[in-house]
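Visitor: Please show me the model, and then let us go through it by question and answer.

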Amino acid sequence: MARMEALPPDVAGTLTALLRGDDPVSVALRAQIPHAWVAGRCGCGCATVDLEVDRHAVPAAPAHESPAVEAGYSSPVAAAGGRPVSPGVLVLTDDGYLSRLEIYSVGDEPITAWPDPRHLDV
């Protein structure tokens with residue numbers, strides 16, 4: 001069994017910013033954040049996290065596409081090597097539950113920390 005860890009504040013803040021809408025899917029997924037934990041991390045060293053949600057504590061979101069959200073950052077951030085990149089971020093779900101928060105960019109250097117969610121263009 002994989003080791004679970006509490007949802008770090010930067011991940012929770014990024015999810016909250018990405019799911020700030022009043023539509024039923026955003027509201028339901030946002031309600032899952034306090035019941036979510038990190039179930040795994042990307043092998044490349046980037047900040048991407050696999051998520052698990054206590055499905056007994058909170059209902060699934062209504063039917064929707066996955067990714068539930070795709071967004072970018074309004075200003076470049078530093079990748080692992082210090083080079084500025086403009087990352088994108090995805091909120092992925094499985095059966096109506098949060099399953100992954102993924103950060104990506106064009107380039108070879110991973111983004112190892114979640115940028116300030118105030119700079120997200122949702």
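Visitor: What does the accessible surface of the chain come to, and what share of it belongs to carbon and sulfur atoms?

Guide: This is a predicted model, in which local features need pLDDT of at least 70 and side-chain atom pairs count only at pLDDT 80 or more, while totals for chains, interfaces and linings use all residues. Residues are numbered from 1 along each chain as its sequence is written, and side-chain values use heavy atoms, with hydrogens and water left out. By the Shrake-Rupley method with a 1.4 Å probe, the accessible surface of the chain is about 6,400 Å², and the share of carbon and sulfur atoms is 53%.

Visitor: Is E52 buried or exposed, or partly exposed?

Guide: E52 belongs to strand 3, residues 49-53. Buried means under 20% relative accessible area and exposed over 50%, with partly exposed in between (1.4 Å probe, protein chains only). Because the relative accessible area of E52 is 35%, this residue is partly exposed.

Visitor: Which residues does E52 touch, leaving out those up to four places away in sequence?

Guide: A contact requires heavy atoms within 4.5 Å. With residues up to four places away in sequence not counted, the residues that E52 touches are M4, H35, A36, W37 and A39.

Notes: Helices (H or I, at least four residues) and strands (E, at least two) are DSSP runs, numbered from the N terminus.
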